[in-house]
Amino acid sequence: MISTLLSRHGRGADGDPAPRLAYGADYNPEQWSREVWEEDVRLMREAGVNTVSVGIFSWARLQPGPDVWDFAWLDEVMELLHGGGIGVDLATATASPPPWLTTAHPEILPVTARGETVWPGARQHWRPTSPVFREHALRLVRELATRYADHPALVAWHVNNELGCHNVYDYSDDAARAFREWLRVRYTTLDALNHAWGTAFWSQRYSDWEQILPPRLAASHPNPTQQLDFKRFSSDALKDHLRAEREVLREITPDIPVTTNFMVMGGTKGMNYPDWAQEIDFVSNDHYVVPGARDRDELSFSANLTSGIAGGRPWFLMEHSTSAVNWQPVNLAKRPGDLARDSLLHVAHGADAVCFFQWRQSAAGAEKYHSAMLPHAGADSDLFRAVTALGATLGRLAQVAGTEREPARVGILFDWESWWASEQDSHPTSLLDYRREALDWYSALLDLGVRADLVTTRADLHRHQVLVAPVLHVVPAELAKELTRFTERGGHLVTTYFSGVVDENDHVWLGGYPGALRDLLGIRIEEFGPLLDGDTVELDDASTGSLWTDRIDVTAPETEVLVRYRTGVHAGRPAVTRRPTGGGSAAYVSTRLGVEGLRALLPRLLAPAGVDSELPPSARGPVELTVRSGAAGRFLFVVNRTDGTVPLPDLGGEVLVGATAPAGADGGPVLGPREVAVLRQPAV
Ligand code: GAL
């Protein structure tokens, strides 16, 4: 879909209709004068830009008053871009409502759990469930879609912007009304709701739907299932807005694909993206590096997860940064090589587009110190030269466009419901970080040079020989059956502490933990043993556990104990177990081993499946390998994870980009610090 976007609409400066990778940025011409626009298009062409997102925060400019429209400037921008051979991913401009609207209708402003109004002054100050906001937003979408329906520059629609970035949780009266409607659809009867929410506890039984509220500031922990349902509802409320805009767009421009930019990164967890992905024509993502240890493992993880959300199909990197951002406590500039490496790492994981926030660095406003493709310093800058070089590199990778990720033998299951539920309050520990757990396993596999795919519960789990499911906390009966089938058909499941514990209503599976997975794992746990922050236990394989321990009893004769606790209250008892099943196995890791501990343990967990690295031993760790394949060939992305020089592993194939550093001591090709090589092998 994405690879054909540009060609289908005959875009491209040279008029070449062949698929290519998209390259560009958010473009905010309304911040600049007309003369600057012409220079923009000229420099975009110089940099190899072929796609820009326009109009994301333009509502106040496009509709200066309730019945006043001003499209003249956008008409001109569209023409200029089209003239430069640059396609437009046109935003619906609904992300930030204009002052006239919030003044006339303050009832569209979100309300926090404490009852405070979220005032205008920044952006995204709107309630996802406000009928008034919806009406005004859809009116704008209709005007835009009608006006630009046949414009030759239009290649895609960009719904709103990062839906839920600042307004995912709204506790207003509109939200309360919509929450009740959502609950009626989910439960039909109050009895069913009372059962699901366990309202016999703390005298919470509801006798009328009108009594139900969002989990606003309360005297103590709000009802856990109410909290979980509010998370589900809040994601659905934003999804509903996405669908409403999409419906208008599909009605008017049925042939123009619709997307919206996700935020698969860091701690963004309010939106259930695997669910949202079903609503759009192609998945887009925004990603920003938060500097720290293993920050590029996190980038790789997010890109990989985005690919999983997109079902392994290509996706669109809508935003990342050329250098510093403006919203971290200290905003570090990127080092030489970071810009290209970060971009290509996304492409390695399936991105068919490399776009940035934003094209030209703002002179005013909250993001004036945020980097851009064209910095304050202008085109005569190392940054713009790096941007231009990247454009040329992406040009050399055009044939990668449209290829899909080649499934890895190892899958890591990332489940939004378990993310939401496992981190709720009033649990055995408040220190659990679901995403960090998954990232630890991913990092350990990277260190071992073993490719792994991040997958969601919507994926066909049977594609993998090993499935790692860290903290799979919510396990409905059907998922337990599916995982059992997976192991019976020869698959090897690895799961961890706090997995299998609750059903979809956040009710504990009784009879001992790990509840729904107890029989499959052949173990039983009577009581959890979380550890205080800083406390650790030693294991008999010389690794160290933290965060959590379990008092494990082995219940099936065939269950093997792989590792035991050496210290702590469970000393001598099992810490890691594995139960062989018909051809497969089900393993359980009861403590947090961290990347080092997992790196030591993983070979034992992978061995029964016969999974090993595809890299030569010396490249395991320093190099990340990903593979995309399709009719155009098999493309191996070889990423230098280090800040030093490493030999380019001999994997065969023609070098399309990379390995530009002088030959190594043995005369063989090398990867410079942070360099990425792309090798092409014939299609299989
Ligand atoms: C994103 C947003 C952009 C810009 C960027 C800065 O969250 O979509 O508009 O604000 O962050 O990093």
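Because the model is predicted, local features were required to have a pLDDT of at least 70 and side-chain atom pairs were counted only at pLDDT 80 or more, whereas totals for chains, interfaces and linings use all residues. Residues are numbered from 1 along each chain as its sequence is written, and side-chain values use heavy atoms, with hydrogens and water left out.

Secondary structure was assigned as DSSP runs, with helices (H or I) of at least four residues and strands (E) of at least two, numbered from the N terminus; two strands were taken to pair if DSSP finds at least two bridges between them. In general, strands of a sheet pair through backbone hydrogen bonds, either parallel or antiparallel. An open sheet of nine strands shows parallel pairing in the order S5-S4-S3-S2-S1-S9-S8-S7-S6, and its edge strands, each paired on one side only, are S5 (258–259) and S6 (261–262). Strand S4 (residues 154–158) runs parallel to S5 and is joined to it by two bridges, with His-158 having Thr-259 of S5 as its bridge partner.

An open sheet of five strands, ordered S10-S22-S23-S27-S25, has antiparallel pairing; here the edge positions, with pairing on one side only, are taken by strand S10 (404–405) and strand S25 (654–657). Helix H12 (residues 338–348) packs on this sheet and touches strand S22 (623–630), S23 and S27, where contact means heavy atoms within 4.5 Å. The direction of H12 makes about 145 degrees with that of S23, the axes being lines fitted to C-alpha atoms, for helices over the stretch in contact, and the angles running from 0 to 180 degrees between N-to-C directions. Strands S23 (residues 633–640) and S27 (residues 676–681) run antiparallel and are joined by six bridges, and Leu-636 stands opposite Leu-679 in S27.

The residues around the ligand (those with a heavy atom within 4 Å of it) are Phe-57, Arg-123, Asn-161, Glu-162, Asp-286, Tyr-288, Glu-319, Trp-327, Phe-357, Glu-367 and His-370. By class, this shell has four nonpolar, two polar and five charged residues, where Ala, Val, Leu, Ile, Met, Phe, Trp, Tyr, Cys and Pro count as nonpolar, Asp, Glu, Lys and Arg as charged, and the others, Gly among them, as polar. A polar side-chain atom of Glu-162 lies 2.3 Å from an oxygen atom of the ligand, and an N or O atom in the side chain of Glu-367 is likewise placed 2.3 Å from a ligand oxygen atom. For His-370, the distance from a side-chain N or O atom to an oxygen atom of the ligand is 2.7 Å. Of the 310 Å² of accessible area that the ligand has on its own, the protein covers 96%, as computed by the Shrake-Rupley method with a 1.4 Å probe.

Phe-357, one of the residues around the ligand, is joined to Gln-358 by a cis peptide bond with omega of about -10 degrees, and Gln-358 is found in the loop between strand S9 (351–356) and helix H13 (382–396). The peptide bond from Tyr-513 to Pro-514 is also cis, with omega near 0 degrees; Pro-514 belongs to the loop between strand S14 (492–496) and helix H17 (518–521). Gln-124, although not a glycine, has a positive phi of about 60 degrees and is placed in the loop between helix H5 (99–104) and helix H6 (131–148).

Methods:
A polar contact is a pair of N or O atoms within 3.5 Å; within protein, one must be able to donate a hydrogen and the other to accept it, and residues adjacent in sequence count only if both atoms are side-chain atoms.
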